[in-house]
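Here are some notes to read alongside your two chains.

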Amino acid sequence: MSLGRCATLLLAVALLAGGCASAPPAVGATDASGVATGAAAPAPRNPVDPWEPFNRRVSAFNDAVDDAVLRPLATAYRDYVPSPVRQGMGNLFGNLGDVWSMANHLLQGKLHSGLDMGMRVLTNTLFGLGGLLDPATEAGLQRRSEDFGQTLGRWGVGPGPYVVLPLLGPRTVRDSFGFVVDRQFDGSRLFDSEATSYAYTALELVYTRSELLATTSLLDQAALDRYTFVRDAYLARRLDQVYDGAPPLEIFDDTDAAPAANPPATPGAGRPPAPVVR
Amino acid sequence: MLHRWFTAAAAIAICVPAFAQQAPDALVRQISGEVIEAAKADKAIQAGDVARISALVDTKVMPAVNFEVMTRSAVGPQWRGATPEQRAKLQTEFKALLLRVYSGALTQVKDQTVEVTRTQPVQGSTQVVVQSEVRGKGEPIKLDYRLDRFDDAWKIIDVNVGGIWLVQSYRSQFGQVLSSGGIDGLITRLVELNKGGKG
């Protein structure tokens, strides 16, 4: 079974399970706090996260897998593989990924940044030993990654509910579909042999996780509730990416006298982007 | 380039008392430049020495921050009902929390530079957002600052790292605790969290 099909299947399972998990509140609202870890606040359901009980369970499962397998692997990779090798690997993965980013820039009508990404790929492939080095960044062509979920957002597709997918982690429904498309254009597709293609994906996964080690350890120190912190951060970041770094801002008007004037904006309520003045 | 700029900024900092009259983007450029230079030059900071980082933050960053507004926005409507003691305690603990996050981030500073990219007004307010990027190896990291005008000076009221506004994130984090435990519950929880992180 190919990875793309595997991802589609996982997605279907997740959506089905999510659908089931979202049924209980009609019967009894107590269900919501029953699954909550630690923070047992009987807060009203967050409209962006209607499948929270299911999502929390999958998060716990993912964290367990991460603790047992992925994080130790990534730590070992970081500690035992020499830095220049890791850098080269990162550049290779990045260069292949840049091709798909370029396509997404163009699909969003961002001709200029699309061409920049094209120049990046050309520069790094021709003058960077096929992508092992990254002379483009030194030349001022910064990497601007874009995926198909962002493209869908740019086209006006709303994010839909938040969902935590088994093994894949936080997504929105829109970004889950985006991910399935992304996989079709992933660097692992370059290999004829399925084994090589799996090896590529596994290596890329370990590499990506190793790059996130500092971030996730920071997260453990910074979050009061890890689940909601990750969720809100993910949704805020995706919204920011869809708006190319300038999403609409919420104004906190908590002066001492007046009551808060602005109702909190729903994070992740991605509408077609407002024109951005560059 | 950054070095020459740093010298110039230092000269300005000596001549001009505090940050009065400074444009928001210049203020951001100055602070991030100084912090990055300090982090690169100081082995203790790279190793995550909290006392050293705390001193750096107090001298370079805090004068340009309105921390009361930051804390107030993070706490939300319940701030109004808090006593002066509770407010002071909340600020102390929130600062300790942010300091730990900041320390972790500073240990990652190696050969990066900060580029201020653009400044945008926030509609319906006196605020501006100064956008900048931390450039090094790999993809640039977005680092934005939200500032407001207080009397004569611009002060930072929120920071965005990689697309995530800190105060906004903590507002929803705090909200969960506040709804069950109130202000005192939040203080207890923050003290707990700040203690746990040191061990």
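1. Let's begin with one helix of chain A. The buried residues of H5(A) are covered by elements that include H4 and helix H6 (135-138) of chain A. Those buried residues are A:Gly114, A:Met117, A:Arg120, A:Val121, A:Thr123 and A:Asn124. Please keep in mind throughout that this is a predicted model.

2. How long should H5(A) be, and what span does the model give? Helix H5 covers residues 111-127 of chain A, and its 17 residues should span 24 Å at 1.5 Å a residue; the end C-alpha atoms are 24 Å apart, so the two values agree. After H5(A) comes A:Leu129, which has a positive phi, near 55°.

3. H4, one of the elements covering H5(A), runs over residues 83-107 of chain A and holds A:Gly88. In space A:Gly88 sits 8.0 Å from A:Gly131, C-alpha to C-alpha, although 43 residues separate the two in sequence.

4. Chain A as a whole has 11 helices and 2 strands, in the sequence pattern α-α-α-α-α-α-α-β-β-α-α-α-α. Of its 278 residues, 33% are buried. Taking contacts in chain A between residues at least 6 apart in sequence, 63% link residues at least 24 apart.

5. The two strands of chain A deserve a look of their own. E1(A) and E2(A) make a hairpin with 3 residues between them, and A:Leu167 in the turn has a positive phi of about 70°. The strands run antiparallel and are joined by 4 bridges, with E2 covering residues 169-172 of chain A. One bridge to find is that of A:Tyr162, whose partner in E2(A) is A:Thr172.

6. Which residues lie on each face of E1(A)? In a regular strand the side chains alternate between the two faces of the sheet. Here A:Tyr162 and A:Val164 are on one side and A:Val163 and A:Leu165 on the other; all are buried, and both faces of the strand (residues 162-165) are covered.

7. Turning to chain B, you will find 7 helices and 5 strands, arranged along the sequence as α-α-α-α-α-α-β-β-β-β-β-α. Buried residues account for 34% of its 199 residues. Among contacts in chain B between residues at least 6 apart in sequence, 55% join residues at least 24 apart.

8. The 5 strands form an open antiparallel sheet in chain B, in the order E1-E2-E3-E4-E5. Strand E1 (113-121) and E5 of chain B are at the edges with a single partner strand each, so one side of each has no neighbour in the sheet. E1(B) is joined to E2(B) by 8 bridges, and B:Thr119 has B:Val130 as its bridge partner in E2(B). Helix H2 (residues 24-41) of chain B lies across E1, E2, E3 and E4 of chain B, at about 160° to E1(B).

9. Now for where the chains meet: 36 residues of chain B are in contact with 33 residues of chain A. On the chain B side, helix H5 (67-75), helix H6 (84-106), strand E2 (128-135), strand E5 (164-165) and helix H7 (166-198) each supply at least two residues. H7(B) gives the most, with 11 residues. The side of chain B that touches chain A divides into 9 nonpolar, 19 polar and 8 charged residues.

10. Finally, the largest nonpolar core has 53 residues, and those touching the most other members are A:Val163, B:Ala74, B:Phe94, B:Leu147, B:Ile156, B:Phe174 and B:Leu186. H7(B) gives the most to this core, with 9 residues. Setting aside residues up to four places away in sequence, B:Ala74 touches B:Phe94, B:Val167, B:Tyr170, B:Arg171 and B:Phe174. B:Phe94 is also among the buried residues of H6(B), together with B:Leu90, B:Leu97 and B:Leu98. H6(B) itself has 23 residues and reaches 32 Å from its first C-alpha to its last, close to the 33 Å expected.

How values were computed
Residues numbered from 1 in each chain as written. Chains lettered and ligands numbered in written order. Predicted model: local features only at pLDDT ≥ 70, side-chain atom pairs only at ≥ 80, totals over all residues. Contact = placed C-beta atoms within 7 Å. Nonpolar A, V, L, I, M, F, W, Y, C, P; charged D, E, K, R; others polar. Expected span 1.5 Å × (residues − 1). Buried ≥ 20, exposed ≤ 12 C-beta atoms within 10 Å, placed from the backbone. Core = buried A, V, L, I, M, F, W, Y, C linked by C-beta atoms within 7 Å. Pairing = 2+ DSSP bridges. Axes fitted to C-alpha atoms, helices over the stretch in contact; angles between N-to-C directions.
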